[in-house]
Each structure stands twice: as C-alpha cells, then as structure tokens.
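I would ask you to look first at the sequence and the model on the screen.

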Amino acid sequence: MTSFDRDEAEIEASRAPLMDHLIELRGRLLICVVAFMVAFIGCFAFSEKLYLFLVQPYVVSAAFHQTVGAHGHVSPFDLILGTARLIPVPDVDHQSVKLIYTAPLEILFTKMKLAGLGAVIVAFPVLAWQLYRFVAPGLYRNEKGAFLPFLIAAPVLFLLGAALVYFVMLPFVMWFSLSQQIIGEGVAAELLPKVSDYLNLVTALILAFGLCFQLPVVMTLLGLAGLISSKVMAKGRRYAIVAVVVVAAVVTPPDPISQLMLAVPMVLLYEVSIWCVRIIELRRKKADSLEDVTA
C-alpha cells in the first residue's frame, strides 16, 4: 500500500455525518468562547497595567524630549534601549506625560478594547489548537505535518512585528510628534493625546506590522499549493519592492523613518519567502523522484 492509499484510508475512516461535524464544531466553538472570556476577564483585571505598559514608549520619548529640548539630538539607540528598560531614563515631570479623555466612559471602553486585544493574544494557542483539531481529520499526512509549523510560525512572526512596533516604532513616532509642538510668544500647541486615540494608534500599528510580517507564511502556503514558484517571485522582486513601499506608506504615519522601519523588514521577509518556497520545491522534486524509483 502506498502512502497515498494510507492517507485515503485514514480520511475515509474519519468520515462522519454532517450532524456529527456540526456537533463537533459547536463543541470546539464553545471551548474557544470560554477560553476567550476567561482571558478577557484576566486581561481586564490588569487592563490599567497593560495600558501603562503600552504608554511606556511615550514616557521614554517625553523624558528625552524634555531633557534635550525639541531641537536636541537623541540617539535612536537611547530611545530603543530606554523603552526596553536597559538604560536609565531621565526623570520626567509627570505633567509632560499626560493623556486626556473627553467622554465619561472613554476609559472603560478603552480598557475593554485593550482587554479584548489581550484576550485574543492570550487565548490564541487554544483557538489555534481547536482549529487544527477540527480540520486535521480532512488533511493528508503530509498536510498535517505542514499545517502545525504554520500555526507556530504565524504567532511568532506576529509577535516579532509587535515587538518592532513597541520597541522601535512607537518611540520614534512619539518623539516625532513631540518635536512638532509649537511653544512660544504666548502660544502653546502641545501634544495632549486622548486615551482612546493612543490605543487606536498602538493597535493599528501592531496589526499592520503583525499582518505584514505574515508574508513568509502566506507565500509559503501559496508555494505549497503550487500557486506560485520561487522563479516567479525572484523575477517579480522589483515589483514586490514597489508594492512594499506603497503598503508601508499607507499603514504607517507620514514620516520616512516609520515607512523605512516597515519597508526594510518586509523586503527581507520577501527574500526569506523566496527561500522557503525554493526549499518546498526541492523537497517536492525529491519526493517525486523517490516515488518514481519505488514505482
């Protein structure tokens, strides 16, 4: 019996009536909902600390900005290392790090939104495992082996994108925003971000970077499906770079530093994607040659 016949036998043995599939889907959805709600309650209990954690890049930028002034020079490494708490940050007047809210329940809704985002991240292993257990019976053995690595690679790449936003992107964005203030001659145009607006900025950047960092996963899946080849990707490299620059210009704040921070990693990830697809093609050729020999 060939491996294909064994896979077919396994899939045939796992067949079940539609009602059984619906009952299983209901059970797995219930587990996902319970996991999300437990994570949501836990994240909401620590929502204030989570928000203060997200505000840390703004605090670091304000501290250095207050120390050197609007036109002073600050090393990019100071902002990054200060956000990572690897170097001491200058003492800052708390009045210079102030966020406001203009609606009575804005703080509550902001905490709920933050708890929802944290719940998705915390409960993702449970959600991913339930998804895998539901679709696994309909997959061939080699497809099962390919599916699990992507469930691991996707959150890892997303966290890498989120880390780039938190430790690199946000300090520069907030420093740039603070440097645009106008103070003088009886006029003060100071940065007073709203609580919800700051969270929306952080969320948008994390989602943008996290999703863009899924490029190797998406391209590798397309390569597994045979919809794209490494040669086509290599030939279209220049068009891909143009597309990357356009995406970076759309999803990042309107300054060249932020755009470069997203464009450069995406170009590197595109090169990684080419190598991933190339490895898949080599393995496919090797498997085909072995089947020809055994045949």
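**One residue, then the whole chain**

Let me begin with Asn-200, which counts as partly exposed because its relative accessibility is 33%; buried means under 20% relative accessible area, exposed over 50%, and partly exposed in between, with a 1.4 Å probe and protein chains only. Asn-200 belongs to helix 7.

A word on the basis of what you see. This is a predicted model, in which local features need pLDDT of at least 70, side-chain atom pairs count only at pLDDT 80 or more, and totals for chains, interfaces and linings use all residues. Residues are numbered from 1 along each chain as its sequence is written, and side-chain values use heavy atoms, with hydrogens and water left out.

The protein chain averages a pLDDT of 82, and 84% of the residues score at least 70; pLDDT is the predictor's confidence in each residue, from 0 to 100. Confidence is lowest in helix 1 (residues 3–13), with a mean of 51, and highest in helix 5 (residues 106–135), at 90. Where pLDDT is low, the predicted coordinates should not be read in detail.

The protein chain contains 11 helices and 2 strands; helices (H or I, at least four residues) and strands (E, at least two) are DSSP runs, numbered from the N terminus. Of its 295 residues, 34% count as buried.

I return now to helix 7 and its contact with helix 3. How close do the axes of helix 3 and helix 7 come, and at what angle do they cross? The axes of helix 3 (residues 47–68) and helix 7 (residues 195–212) come within 11 Å and cross at roughly 80 degrees. Axes are lines fitted to C-alpha atoms, for helices over the stretch in contact, and angles run from 0 to 180 degrees between N-to-C directions. The two helices are therefore roughly perpendicular to each other, a term for angles of 65 to 115 degrees.

On the helix 3 side, Tyr-51, Leu-54, Val-55, Pro-57 and Tyr-58 meet Val-195, Tyr-198, Leu-199 and Val-202 of helix 7, where contact means heavy atoms within 4.5 Å. By class, this contact has 9 nonpolar, no polar and no charged residues; Ala, Val, Leu, Ile, Met, Phe, Trp, Tyr, Cys and Pro count as nonpolar, Asp, Glu, Lys and Arg as charged, and the others, Gly among them, as polar.

Methods. Parallel < 35°, antiparallel > 145°, perpendicular 65-115°, else oblique.
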